[in-house]
Amino acid sequence: MRFVQGSHTPNLASTVAAVALAQLISAVDASTKLEDQTSQNESGSCKQTKVAILGAGITGIITARTLTDANVDDFIIVEYKDEIGGRVHHEDFGRDKDGEPLLVEYGANWIQGLGGNGNPENPIWTLEKKWKIKNTPSDFEAILTYNESGEVDFTSEIEAFEDAVEILTADAEELRVDNIQDRTFRQGLSLAGWNPGRRKYPQAADAVEWWLYDGEQAYTPDESSMVFNAAVSNFTFEQFSAENNFVVDQRGHNTWIKGEASEFLKKDDPRLMLSTIVDKIAYSDKGVKVTNKDGSCIEADYAVVTFSLGVLQQDVVSFEPLLPEWKNVAIEAFLMGTYTKMFFQFNETWWPKDKEFFLYADPIQRGWYPIWQSLDKEGFFPDSHAIFVTVTGRESRRVERMADAEVQEEALEVLRAMFPDVDVPVPTGFQYPRWGTTPWAYGSFSCWPAGTTLEQHQNLRANVDRLWFAGEHTSASFFGYMQGAYLEGVDVGNRLAGLVNGECLKAVAEKHGEGGCDEMTRYEVLHGTTEEDEYNIENGWNNLELETERIKGNAK
């Protein structure tokens, strides 16, 4: 699972060194100076600031950190939730072996693509180490496979699928380089020799495909882009490394995000407005006014919207004037996936203790409670008697509409089929998130549909007057990953710092060239691949007119 995750990887050595006490004292002093400037007066006038940062997830906090590093400390961060972290979100669940509450991650749970050994280090891994986030490697070889009759070995399908993906990846790169029309990932798999329906055991092939594709993208191969979803995987796992480390830190995975914020925000800093819901954003080429549901407002020279793609698609925040058509089309063009982890706790661990994963191939429904992961292992939460199952996409939407008790019973029926010799008990604890209806997220992370273009995505990134947009969904190279959210925060923070300071920062100029601090590139008209004169009978266009002429001729 990615978010619920280049050649422009920044050098973080200076950032890590900046933990010094002197900087912390400086940040506190700067915050104190801003109290008068960022507080509303008794008449109810708006708070005034240079930059309004809407959202305190990874992108929002890193935008603020980047501004601070550029000596821009006049900003306000507005956050829906009562804490920092966004979709890097956890909840208490059951009890650990010592009787203490067990904290589990509802959102981003894996650090993916660590880097090193000659490869660049993932900036997220750098920060996880900086803030000593406890994690453990996931062992994807420690897996057993099952169907409705119990354990059955179909692990050979894993290698077959991976071989097909390797072929597809090479094909996808050829399409990209030669500017050939994109395909669905399903088309790419089929052309590479992988089609579950033609495998000896289709249900097993479905299960393996779900685990290795849907379980990463939160969409099916039929719905998603071959070119760009192959590329996003390569950017992380080929550019950095193949490791996937599972976070088990009982402070919460968002500890590193809060840690970064602590270096420029003091306790109760007036520049951080928690539990504040944005209602309306009015923008122009002169500035931005943000009005919140509690009646408060902020007037800023610039604003950056770090809401998830799901929030933008739900139209729960009004824009004045309405966003231009090219921006709205881009927002609707991309996909927001849902990734749902369902946690179970029992009085004892009755499943094999030496395995981490248990993959289930349902005889009827693809993606039916398919992958179970044990948390009762060394390095995870030993003696917790906890396990979780993951569903995505359509199944996520379905279980979100059901009562917990109904979902629990469905999942237990799967466990009873997988372990026919075990009297599977009723769990002592069961819970799961409903990301698709969570009002500050409306989904887990973004994905690219087939047939889109980099230009279409650039319209998703591009600013509208003084209103800017950033998040994991605006990252072309790392959409869906934490590193995407991070790098987009660095980018927009540098751009805004250049605007506020009245000059392009050197780093921005080097990365983006002339105009890097000003308007982002956008494409108000996106053309297809078929020219007007190609819409003809030879290409099968207007066949009805041709048939009419043929009938008339026969009648004579």
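β18 and β19 run antiparallel and are joined by four bridges. Strands here are DSSP runs of E, at least two residues long, and helices are runs of H or I, at least four residues long, both numbered from the N terminus. The model is predicted: local features need pLDDT of at least 70, side-chain atom pairs count only at pLDDT 80 or more, and totals for chains, interfaces and linings use all residues. Residues are numbered from 1 along each chain as its sequence is written, and side-chain values use heavy atoms, with hydrogens and water left out.

I371 stands opposite T390 in β19. W372 has V389 of β19 as its bridge partner. β18 also pairs with strand β17 (residues 357-360), again antiparallel, through three bridges. There, F357 has Q373 of β18 as its bridge partner. Two strands count as paired if DSSP finds at least two bridges between them.

These strands belong to an open sheet of seven, in the order β8-β7-β17-β18-β19-β16-β20, with mixed pairing. β8 (150-151) and β20 (429-431) are at the edges, each with a single partner strand, so one side of each has no neighbour in the sheet.

## Faces of β18

In a regular strand the side chains alternate between the two faces of the sheet. Are the faces of β18 covered or open? Both are covered: I371 and Q373 on one side, and W372 and S374 on the other, are all buried. Buried means under 20% relative accessible area, exposed means over 50%, and partly exposed lies in between (1.4 Å probe, protein chains only).

## The three-stranded sheet

A second open sheet to look at has three strands, in the order β5-β9-β6, with antiparallel pairing.

β5 pairs with strand β9 (residues 244-247) over three bridges, in the antiparallel sense. Q112 stands opposite N244 in β9.

## The second largest pocket

The second largest pocket has a volume of about 1100 Å³. Of its 36 lining residues, the closest to its centre are E162, L212, E216, F237 and N244. Elements giving two or more residues to this lining are β5 (110-112), α5 (156-177), α7 (202-217), α8 (226-237), β18 (371-374) and β19 (386-392). The lining has 19 nonpolar, eleven polar and six charged residues.

Pockets and cavities are found on a 1 Å grid over the protein atoms alone: a cavity is a set of points where a 1.4 Å probe fits but cannot get out, a pocket is an open set with protein on both sides within 12 Å along at least five of seven lines, and lining residues have an atom within 4 Å of a point. Grid points are joined across faces, edges and corners, and a volume is the space filled by probe spheres set on the points. Ala, Val, Leu, Ile, Met, Phe, Trp, Tyr, Cys and Pro count as nonpolar, Asp, Glu, Lys and Arg as charged, and the others, Gly among them, as polar.

## The largest cavity

The largest cavity holds about 60 Å³ of space. Of the 13 residues that line this cavity, the closest to its centre are L103, V104, E105, V247 and F381. β4 (101-105) and β9 are the elements that give two or more residues to the lining. β4 gives the most, with three residues. By class, the lining divides into nine nonpolar, two polar and two charged residues.

## Backbone exceptions

Most residues other than glycine have a negative phi, and most peptide bonds are trans. Y369, in the loop between β17 and β18, has a positive phi near 40°. Y369 is buried, with a relative accessible area of 1%. Y442 also has a positive phi, of about 50°, and is found in the loop between β20 and β21 (445-447).

A cis peptide bond joins E320 and P321, with omega about 0°. P321 lies in the loop between β14 (318-320) and α11 (325-333).

## Annotated positions

UniProt, in an unreviewed entry, places the feature "binding site" at T59 and V278. UniProt positions follow the numbering used here, feature names are shortened, and annotations may be inferred rather than shown by experiment. T59 is in helix α3 (residues 58-69) and is buried, with a relative accessible area of 4%.
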